[in-house]
Amino acid sequence: MESRFRRLGFGAVGTAVLFVAACGHQASLAVEDPRAAPPALASAISAPAAETTGGFDGARAYKHVEQLVAIGPHPAGSDGIRRAQAYIIGQLKSFGCPVEEQDFHASTPIGDVAMKNILVKIPSANPNLILYASHYDTKRIDQFVGADDGGSSTGVLLELGRILCARKNAQTIWLAFLDGEEAFNFQWADPDNTYGSRELAASLALSGTLQRVKAMILVDMVGPANPVYKRETNSTPWLTEVLWSTAARLGYGNVFINESITVADDHVAFLNRDVPAADIIDLQVPYWHTTSDTLDKIDPRTLAITGHVLIASLPELEKKIR
């Protein structure tokens, strides 16, 4: 996740919120976050039993984050990201997922960089396609391991793959592990960002597959203790409503809250091509893009809540796009 927060705007859906003017991400991140778990506490917190979260195992998702953090920094084009790619692909294949690798080159501020999107294509008799996505690269900062920013959502998507690849689904489902979300410059400025999602959206448009994508759901920074997910205003309203109403029904109304925020993220490449898309993200963390984004910030319960909503919202989503 990038300093795209420089352009974030706060609004409200049914309730008033504080307006913040941010010329960078620093404005909302300089203060201490009272929601953050004390150091070394989160790793000791147990995830709820998978049978209570639709089969989604928060402990398994946490283990994936742990393994990605152990790789160390893995920005796009680095030796570290090649190790992260090998881990992600190996895990997906162990789940029996059909894995495809989309290799491409991106023109960046540091020159041509080889990148890789990792795709899981779970077939069904229904041509309609639901796409879940996360970026897995880390910000190009020395000693930055991105436990929350890149790691948490990748852990959630890997656990989602374990579940979905093992069952028959009413819709065709794809999982996209996206490279190159982070800008190479410290500040977020187009077109230095979202390389992987823009490549994927463009390639799907070229092949004609994009018209089959009826919903794109992005997860990003979904690991902190006591998470707060606000409705992202760029996102497609009906799709956001499916996710937030499911969360309310499951008892997570204090997590998926009825306030709004505007974020540029990997879903925008799909919105720009008229694909319904939504972003699940917690922006309000004090460690964003600092070396303090470490494993102790990750709460397995948050991973479980996020995954539970993704799994439980599928039937309602399938009705909407039938």
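Select Glu 159 and Arg 162 in this predicted model. Their side chains form a salt bridge, with the closest N and O atoms 2.7 Å apart. Both residues belong to helix α4 (residues 147-164), where a spacing of 3 residues separates them by about one helical turn. Are the two partners buried or exposed? Glu 159 has 0% relative accessibility and is therefore buried, the cut-off being under 20%. Arg 162, with a relative accessible area of 23%, is partly exposed.

Next, select Lys 63 and Glu 66, which lie in helix α2 (residues 58-71). This pair is also 3 residues apart, about one turn of the helix, and the two side chains meet in a salt bridge of 2.9 Å, N to O. Lys 63 is partly exposed at 44% relative accessibility, and Glu 66 is partly exposed at 26%.

Now move to Arg 231 and Glu 241, whose salt bridge has its closest N and O atoms 2.9 Å apart. Arg 231 lies in strand β7 (residues 229-232) and Glu 241 in helix α6 (residues 237-249), so this pair ties together parts that are 10 residues apart in sequence. Arg 231 is buried, with a relative accessible area of 16%, whereas Glu 241 is partly exposed at 37%.

Finally, select Glu 101, Asp 103 and Lys 116 together: a network of salt bridges links these residues. How many salt bridges are counted? The count comes to 11, taking a side-chain nitrogen of Lys or Arg within 4 Å of a carboxyl oxygen of Asp or Glu.

Key:
Residues are numbered from 1 along each chain as its sequence is written. This is a predicted model: local features need pLDDT of at least 70, side-chain atom pairs count only at pLDDT 80 or more; totals for chains, interfaces and linings use all residues. Side-chain values use heavy atoms; hydrogens and water are left out. Helices (H or I, at least four residues) and strands (E, at least two) are DSSP runs, numbered from the N terminus. Buried means under 20% relative accessible area, exposed over 50%, partly exposed in between (1.4 Å probe, protein chains only).
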